[in-house]
Amino acid sequence: MAAASAAARMLPDGGADDEERWLAEGIAGVQQNAFYMHRALDSNNLKDALKYSAQMLSELRTSRLSPHKYYELYMRAFDEMRKLEMFFREETRRGSCSVVDLYELVQHAGNVLPRLYLLCTVGSVYIKSKEAPAKDVLKDLVEMCRGIQHPLRGLFLRSYLSQISRDKLPDIGSEYEGDAESINDAVEFVLQNFIEMNKLWVRMQHQGPVREKEKRGKERNELRDLVGKNLHVLSQIEGVDLDMYKETVLPRILEQVVNCKDDLAQFYLMDCIIQVFPDEYHLQTLETLLSAFPQLQPSVDIKTVLSQLMDRLSNYAASSPEVLPEFLQVEAFAKFSNAIGKVIEAQPDMPVVGAVTLYVSLLTFTLRVHPDRLDYVDQVLGACVKKLSGKAKLEDSRATKQIVALLSAPLEKYSNIVTALELSNYPRVMDYLDNATTKVMAVVIIQSIMKNTTCISTSDKIEALFDLIKGLIKDMDDGDQDDELDEEDFKEEQNSVARLIHMLHNDDHEEMLKILCTVQKHILLGGPKRLTFTVPSLVFSALKLVRRLQGQDGDVTGEDVPATPKKIFQILHQTIEALSCVPSPELALRLYLQCAEAANDCDLEPVAYEFFTQAFILYEEEIADSKAQITAIHLIIGTLQRMNIFGVENRDTLTHKTTGYSAKLLKKPDQCRAVYACSHLFWTDDQDGIMDGERVLLCLKRALRIANAAQQMANATRGSSGSVTLFIEILNKYLYFFEKGIPQITNTVIQDLIELIRTEKQSDNAVVDPSTEAFFSSTLRYIEFQKQKGGSIGEKYEQIKTSS
């Protein structure tokens with residue numbers, strides 16, 4: 001009959017204004033009848049009070065309101081019913097009316113909905129009076145409420161029943177507690193009410209036209225808490241211990257969840273179960289709970305619910321370490337892993353992102369609960385690989401994001417890439433990332449190594465590591481060009497690889513050599529654009545090993561030779577030679593000179609000479625820019641000056657070449673500076689160093705001639721002789737060697753040069769330059785300072801006159 005009434009009074013196609021009007025009419029009806037009801041209550045007129053309360057409650061029979069508006073109307077009536085309940089209680093306490101008679105009396109109300117609201121209200125008073133067992137009254141009420149089968153009206157009626165009975169359940173320690181079986185009655189009452197409410201809630205989805213299905217879904221979502229409150233009440237019953245939960249409560253709830261076959265209800269109720277019941281209950285009933293997941297509708301967002309369950313249990317394990325043995329006892333990991341496998345199998349159309357999200361949650365759970373079980377971690381990664389097998393590289397950005405989360409989790413947990421390298425399935429998961437994300441993941445791995453200052457110390461692990469970060473160290477196969485990458489991003493990526501190379505270390509010389517060979521193999525395949533970033537790091541790492549091996553030597557034959565400087569220098573030669581394809585001659589020249597200096601310290605003259613030869617070849621054939629030539633020649637001079645291993649013949653060859661290059665620079669001032677810098681090649685302070693004063697003087701005189709030529713050229717082209725800065729710079733060189741005690745440089749020579757500078761300054765064509773004036777004045781002050789200081793140096797300066 002109620003269903004027929006509901007069908008007759010379906011919500012018409014009215015707009016929001018109509019609904020507001022209907023709500024206003026309903027509220028007005030409630031308020032008017034409540035007014036008369038209060039007047040009857042004040043005059044203790046029970047008959048009129050029941051009449052007007054029934055008329056007030058009749059306003060709730062409407063089918064024209066949406067759930068949100070109906071709730072507003074219901075709350076107005078609910079507030080009035082609390083006052084009526086207080087009146088009934090007072091009447092029965094005074095003895096004016098028997099509660100049994102009142103319980104019978106309200107059942108004569110004309111309409112079923114007001115009758116049941118009144119019955120529930122009197123039932124609350126009936127239980128409170130304890131004139132009948134609470135379980136009998138509750139059973140009667142929950143059965144009576146079956147009389148309303150309209151989904152919306154039935155839901156709110158049963159919600160009212162749940163509200164007024166929640167503090168009157170025959171629970172342990174409750175004043176309404178009966179015999180030993182009363183707990184079962186309390187649980188049965190709540191479960192029955194929950195089941196009926198859920199049926200009504202689900203039925204809402206199937207009433208009305210198909211075109212309004214989405215709207216009904218939203219309306220149902222607003223009502224979900226009415227159903228969920230029953231589970232909350234169940235969780236608060238003291239008598240529901242683990243055994244009862246395991247044997248009765250959970251199976252009954254899950255049976256209803258699975259059988260309702262409604263995706264909204266299944267998702268919400270599974271989430272409710274996880275949220276309201278204790279963690280230890282979930283742990284001990286894990287198998288039962290997880291068995292329901294594969295039976296849910298394919299459209300249910302299982303990954304979110306399962307993830308919440310795993311997150312909750314992992315938080316439980318983290319906050320209470322003493323319960324960890326229980327996780328092992330119930331085989332939590334195996335059960336979760338098995339359940340996820342069954343869910344994915346039961347839903348073949350599940351998107352990849354859903355499956356990967358489940359594995360991310362399982363991995364997070366594993367890392368928090370069983371951090372020491374690397375086999376579990378690898379098992380999760382392996383399951384993910386199995387799901388992805390047969391698929392091309394992921395294009396779904398959400399799935400890609402979840403894969404990155406999956407791969408990042410072990411790095412964050414263990415703070416050590418070495419641990420991740422032990423996971424055989426880790427690189428297999430990475431293979432499914434697109435090239436851009438592979439690079440991102442490689443950067444994450446390198447950042448983890450840097451952050452935790454992880455030292456990777458074996459060639460096998462480095463081989464595995466470079467396989468993981470291959471996106472950064474070589475071009476990928478699909479033609480993804482680096483041109484598409486922002487230049488700054490590319491530099492940052494390659495600089496991170498360069499920093500990584502410095503983190504590779506082993507105190508064992510043989511293993512360190514293997515590490516260097518492994519790194520060399522990978523970076524030489526990286527393409528010319530990367531070499532300028534990675535080769536220098538490899539070279540300096542190798543030179544560190546050379547310094548450690550300094551003094552060792554041996555013939556290099558075969559592959560399995562011990563680590564010796566010669567062997568390493570061979571590797572260095574091959575590595576630097578690769579820069580020729582970039583080309584980057586300036587960088588290669590610098591690295592050759594670094595190697596030459598290291599070979600010098602190892603007493604390997606032929607090796608050092610070869611590196612210098614390569615540097616000279618680069619200078620002659622590859623470096624054409626005049627500024628680059630200036631920098632290169634000064635680097636050569638500086639390095640050669642520090643070399644003490646060369647015999648006379650080799651040194652003469654190298655110094656001759658260097659001075660020749662110096663004199664051939666494009667600009668005269670540059671020639672002059674390079675030539676006077678060459679003077680240091682013929683005089684060193686080492687005990688066994690070269691001290692050839694004649695050649696020092698020769699260089700300085702040659703520099704003076706070039707400076708003079710520069711002056712004449714300036715005079716011819718610009719009409720002025722230009723600055724005398726070059727002469728002052730040469731004077732300072734003379735002073736340096738004068739103090740070193742070179743016999744060929746006398747005070748007379750210095751005095752002549754001072755006079756020459758003064759003459760040049762006073763010439764008509766001279767350019768006045770304040771900085772040059774200051775430079776010359778400082779030089780003269782230095783001479784005076786040395787005179788005043790006295791000693792052997794002061795005596796040498798005595799005969800030099802600084803004043804004009």
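Biologist: Which residues in α27 meet residues in α28?

Modeller: Happy to start there, with the reminder that this is a predicted model. On the α28 side, the partners are Leu531, Thr534, Val535, Leu538, Ser541, Ala542, Leu545, Arg548 and Leu549. By class, the contact has 11 nonpolar, 4 polar and 1 charged residues. The residues that α27 brings are His509, Met512, Leu513, Leu516, Val519, Gln520 and Ile523.

Biologist: Are α27 and α28 roughly parallel or roughly antiparallel?

Modeller: Helix α27 covers residues 509-523 and helix α28 covers residues 528-549, with their axes 11 Å apart. α27 passes α28 in a left-handed crossing. They pack at an angle of about 165°. Angles over 145 degrees count as roughly antiparallel, so the answer for α27 and α28 is roughly antiparallel.

Biologist: How many polar and charged residues are in the contact of α15 with α17?

Modeller: Let's look at who takes part. From α15 come Ile302, Leu306, Leu309, Met310 and Leu313, and they meet Phe336, Ile340 and Val343 in α17. These divide into 8 nonpolar residues, and the count is no polar and no charged.

Biologist: At roughly what angle do α15 and α17 cross?

Modeller: Helix α15 spans residues 302-319 and helix α17 spans residues 332-346, and their axes come within 12 Å. The crossing makes α15 roughly antiparallel to α17. The angle is roughly 175°.

Biologist: Which residues of α9 make the contact with α8?

Modeller: The axes of α8 (residues 151-165) and α9 (residues 182-203) come within 9 Å and cross at roughly 155°, which means that α8 is roughly antiparallel to α9. From α8, the contact uses Pro151, Gly154, Leu155, Arg158, Ser159, Leu161, Ser162 and Ser165. By class, the contact has 7 nonpolar, 5 polar and 3 charged residues. The α9 residues are Phe189, Asn193, Glu196, Met197, Leu200, Trp201 and Arg203.

Biologist: Is Ser361 buried or exposed?

Modeller: Ser361 lies in helix α18, residues 352-369. Leaving out residues up to four places away in sequence, Ser361 touches Ser307 and Met310. Its relative accessibility is 9%. Buried means under 20%, so Ser361 counts as buried.

Biologist: What distance separates the C-alpha atoms of Ser361 and Lys303?

Modeller: Along the chain, Ser361 and Lys303 are 58 residues apart.

Biologist: Which residues in the largest nonpolar core touch the most other members?

Modeller: That core holds 278 residues. Take Ile445: leaving aside neighbours within four places in sequence, its contacts are Leu411, Ile417, Tyr426, Met430, Leu465, Leu468 and Ile469. Ile445 belongs to the group you asked about, which is Phe293, Ile417, Tyr426 and Ile445.

Biologist: Is Lys130 buried or partly exposed?

Modeller: Lys130 is found in the loop between α6 (112-129) and α7 (134-144). Its phi is near 65°, a positive value in a residue other than glycine. With a relative accessibility of 46%, Lys130 counts as partly exposed.

Biologist: And what is the phi of Thr453?

Modeller: Thr453 sits in the loop between α23 (435-451) and α24 (459-468). Thr453 is exposed, with a relative accessible area of 58%. Although Thr453 is not a glycine, its phi is positive, at about 45°.

Terms used:
Residues numbered from 1 in each chain as written. Predicted model: local features only at pLDDT ≥ 70, side-chain atom pairs only at ≥ 80, totals over all residues. Heavy atoms only, no water. Axes fitted to C-alpha atoms, helices over the stretch in contact; angles between N-to-C directions. Helix = DSSP H or I, 4+ residues; strand = E, 2+ residues; numbered from the N terminus. Parallel < 35°, antiparallel > 145°, perpendicular 65-115°, else oblique. Left-handed = near helix turned anticlockwise from the far one by under 90°. Contact = heavy atoms within 4.5 Å. Nonpolar A, V, L, I, M, F, W, Y, C, P; charged D, E, K, R; others polar. Core = buried A, V, L, I, M, F, W, Y, C linked by side-chain atoms within 4.5 Å. Buried < 20%, exposed > 50% of the residue type's maximum accessible area, 1.4 Å probe, protein only.
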